[in-house]
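This report covers a ligand site, a pair of packed helices and some details of the backbone and loops. The sequence and structure come first.

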Amino acid sequence: MSKLLILNWKMNPATLEEALFLAMESDYKDVVVAPPFPFIEEVGKILKKAELGAQDLFWEDKGAFTGEVSAKELKSIGVKYVIIGHSERRHKLGETDEMIAKKLKAAADNGLIPVLCVGETKAEKDAVKKEAVIKRQLEKGLSLIGQKSKVKSQMLLIAYEPVWAIGTGDPETPESALKTINYIKKLLKTTDKSLQIKVLYGGSVNSQNLGDYLKYKEVEGALVGGASLKKEEVQKMVKLI
Ligand code: PEP
C-alpha cells in the first residue's frame, strides 16, 4: 500500500511565482502540498495528482476573528487536509491543547482530514516524559471528536514529530520512531472505529533517510518540512512512497 508524503512549506517560498513552480514539481499521487495561505488557491489549480493541504485553521466558521481562516473557507477552495498543532505553533505561538482540540473538531466537522502533530521537546525527552506528553496531546487533541460530534471526516492522520528533530538535521532514529508510533497506535485503539487512522513520522526527513522509516509498515507516511522546498529532494522522495 502506498504511503503518504505531506509537504509542509511553512512560511515559504516568498512569492507566488516560486510557489507555483514548486507545486508543479511536487504534483504526484499520494502527496499533500501544504503552502502558505496566500498561495493555496493558485497552487490548488496547478495540482492534478497531489492533494491540497493547509498549515492551520481557526475553529469558528465566520465572524470577527481578524487574520484567522476557517475550515469552511479552506474547504471552499479545495483544501482536503489540514495540519493542526504543529510544534512551531504550539511552542512559538502559544497554541494550547484546548485550542488544538477545537481546531481538530472544526476540521473534522467540515470534512477536512486533520493531521494532528504530537511530539516531545528535548527537555521532555531528557526527563523521560515523552510518552506522557504524547498521551496528553492525543487525549486532549482528540477530546472533542467522538461519539457526540458530527464528524464528517473519514480519516485522521497523526504525525509523530519530536520537537528536537524538526528542522535540526537530527532526526529520531527509525527504530525509536517506530516504537513511539506503535505506542501512539496502542493509545488510539479505543478511538471511534469509523475513523481510518494513519500515523506518520516527521522531523528532518529527506530523500536519504525517508526509506529507513517507510520500510516499517507501521510508519504510514512522512511529514516533511525543509526538504519539501527542494524539487530534487521531492522527486527522490516520491519514488520511495
Ligand atoms: C515539519 O515542518 O513538520 C518538519 C518536520 O520539518 P523538517 O522536515 O524541516 O524537520
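A polar contact is a pair of N or O atoms within 3.5 Å. The model discussed here is predicted.

**Ligand site**

Which residues come nearest to the ligand? Of the 14 residues around the ligand, these are His86, Glu161, Gly167, Ser204 and Gly225.

By residue class, the shell around the ligand holds four nonpolar, eight polar and two charged residues.

**Helices α5 and α7**

Two packed helices are described by the distance between their axes and the angle between them. Helix α5 spans residues 97–109 and helix α7 spans residues 130–141; their axes come within 8 Å and cross at roughly 45°. Angles under 35 degrees count as roughly parallel and those from 65 to 115 as roughly perpendicular, and α5 and α7 are therefore oblique to each other. On the α5 side, the contact is made by Asp97, Glu98, Ile100, Ala101 and Leu104. On the α7 side, Arg136, Gln137, Lys140 and Gly141 take part. The residues of this contact divide into three nonpolar, two polar and four charged.

**Backbone details**

Where in the chain does Pro13 lie? Pro13 is in the loop between β1 (4–8) and α1 (16–25). The peptide bond that joins Asn12 and Pro13 is cis, with omega at about -10°. Another backbone detail concerns Val128, which is not a glycine but has a positive phi of about 55°. Val128 is placed in the loop between α6 (122–126) and α7.

**Gln55 and its surroundings**

Gln55 lies in the loop between β3 (51–54) and α3 (71–76). Which backbone atoms does the side chain of Gln55 reach? A polar atom of this side chain is 2.9 Å from the backbone oxygen of Lys10, and the side chain also reaches the backbone oxygen of Pro35 at 3.4 Å. With neighbours within four places in sequence left aside, the contacts of Gln55 are Asn8, Trp9, Lys10, Met11, Ala34, Pro35, Pro36, Ile83 and Arg89.

Technical notes. Residues are numbered from 1 along each chain as its sequence is written. This is a predicted model: local features need pLDDT of at least 70, side-chain atom pairs count only at pLDDT 80 or more; totals for chains, interfaces and linings use all residues. Side-chain values use heavy atoms; hydrogens and water are left out. A residue is near a molecule or strand if one of its heavy atoms lies within 4 Å of it. Ala, Val, Leu, Ile, Met, Phe, Trp, Tyr, Cys and Pro count as nonpolar, Asp, Glu, Lys and Arg as charged, and the others, Gly among them, as polar. Axes are lines fitted to C-alpha atoms, for helices over the stretch in contact, and angles run from 0 to 180 degrees between N-to-C directions. Helices (H or I, at least four residues) and strands (E, at least two) are DSSP runs, numbered from the N terminus. Angles under 35 degrees count as roughly parallel, over 145 as roughly antiparallel, 65 to 115 as roughly perpendicular and the rest as oblique. Contact means heavy atoms within 4.5 Å. A polar contact is a pair of N or O atoms within 3.5 Å; within protein, one must be able to donate a hydrogen and the other to accept it, and residues adjacent in sequence count only if both atoms are side-chain atoms.
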